[in-house]
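Colleague: I would like to go through this model with you, one question at a time. Please give the cut-offs as the terms come up.

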Amino acid sequence: MTSRFAALIVLLAALLGAPAAYAQSADGTWLTQAGDARVKIGKCGGGICGHVVWLREPYDTATGQPATDSKNPNRELARRPMIGLPLFSGMQPSGPSKWSGQIYNADDGSTYASNVTVTGADSLRVEGCVGALCGGETWTRAGR
């Protein structure tokens, strides 16, 4: 009877510990679904941060100058370079391999509620929502 109880305890411990064993890190550099940008994600406080580290087209074709956050409604922020641009804010853990917070979309200069989920060793699901309308894309790990 004691050996059955010990076996049950070991089995329960293994099952309860299983989700943590499968939690994956978002740390690393990720290629957006369109392949036009790479975003470096790392630990930041208790959550994660992400910023642009590469662009397929790093220069503004009209000016020949480095691309800036030109769609940002704040004139001062609209002058900041796209390389180094922070995309995530307040991204805190919300489940195994999942973080929730806000994401900045430089294509329209807006910030959206967001979830980031590691869905595989080399895939990351990034979603943004405005009210009940949500959209997302899958990013792939770059340079493994």
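Colleague: What volume does the largest pocket have?

Modeller: This is a predicted model, where local features need pLDDT of at least 70 and side-chain atom pairs count only at pLDDT 80 or more, while totals for chains, interfaces and linings use all residues. Residues are numbered from 1 along each chain as its sequence is written, and side-chain values use heavy atoms, with hydrogens and water left out. A pocket is an open set of points on a 1 Å grid over the protein atoms alone, where a 1.4 Å probe fits, with protein on both sides within 12 Å along at least five of seven lines. Grid points are joined across faces, edges and corners, and a volume is the space filled by probe spheres set on the points; for the largest pocket the volume is about 1000 Å³.

Colleague: Which residues of its lining lie nearest the centre of the largest pocket?

Modeller: Lining residues have an atom within 4 Å of a point. The largest pocket has 37 of them, and those nearest its centre are Asp36, Met82, Asn105, Ala106 and Asp107.

Colleague: Which elements give two or more residues to the lining of the largest pocket?

Modeller: Strands are DSSP runs of E with at least two residues, helices are runs of H or I with at least four, and both are numbered from the N terminus. The elements giving two or more residues to this lining are E2 (37-44), together with E3 (47-55), E5 (98-105), E7 (123-130) and E8 (133-141).

Colleague: How many residues of each class are in the lining of the largest pocket?

Modeller: Ala, Val, Leu, Ile, Met, Phe, Trp, Tyr, Cys and Pro count as nonpolar, Asp, Glu, Lys and Arg as charged, and the others, Gly among them, as polar. By that scheme the lining has 19 nonpolar, 9 polar and 9 charged residues.

Colleague: In what order do the elements of the protein chain run?

Modeller: The secondary structure comes to 1 helix and 8 strands. From the N terminus on, the order is α-β-β-β-β-β-β-β-β.

Colleague: Which residue in the turn between E5 and E6 has a positive phi?

Modeller: Two strands pair if DSSP finds at least two bridges between them. E5 and E6 run antiparallel and are joined by 8 bridges, with isoleucine 103 opposite tyrosine 112 in E6. They form a hairpin with 4 residues between them, and the turn residue with a positive phi, about 75 degrees, is glycine 109.

Colleague: Which turn residue has a positive phi in the hairpin of E4 and E5?

Modeller: E4 and E5 are antiparallel, with 5 bridges, and glycine 95 stands opposite lysine 98 in E5. There are 2 residues between the strands, and the one with a positive phi of about 60 degrees is serine 97.

Colleague: Which residue in E8 stands opposite serine 123?

Modeller: E7 and E8 pair in the antiparallel sense over 8 bridges. E1 and E8 also pair in the antiparallel sense, over 2 bridges, and there leucine 31 stands opposite threonine 140. Serine 123 likewise stands opposite threonine 140.

Colleague: Which residues have the most contacts inside the largest nonpolar core?

Modeller: In soluble globular proteins, nonpolar side chains tend to be buried together. A nonpolar core is a set of buried Ala, Val, Leu, Ile, Met, Phe, Trp, Tyr and Cys residues joined through side-chain atoms within 4.5 Å, where buried means under 20% relative accessible area, exposed over 50% and partly exposed in between (1.4 Å probe, protein chains only). The largest has 23 residues, and those with the most contacts inside it are Ile41, Ile48, Leu87, Phe88, Val116, Leu124 and Trp139.

Colleague: Is methionine 91 buried or exposed?

Modeller: Methionine 91 is found in strand E4. Its contacts (heavy atoms within 4.5 Å) beyond four places in sequence include Ile48, Trp99 and Val116. Because its relative accessible area is 1%, methionine 91 is buried.

Colleague: Why does threonine 32 count as buried?

Modeller: Threonine 32 lies in the loop between E1 and E2 and touches Ala37, Val39, Glu137 and Trp139, not counting residues up to four places away in sequence. Threonine 32 counts as buried because its relative accessibility is 9%.

Colleague: Why does aspartate 60 count as partly exposed?

Modeller: Aspartate 60 is in the loop between E3 and E4. Leaving aside neighbours within four places in sequence, aspartate 60 is in contact with Gln65, Pro66 and Ala67. Aspartate 60 counts as partly exposed because its relative accessibility is 33%.
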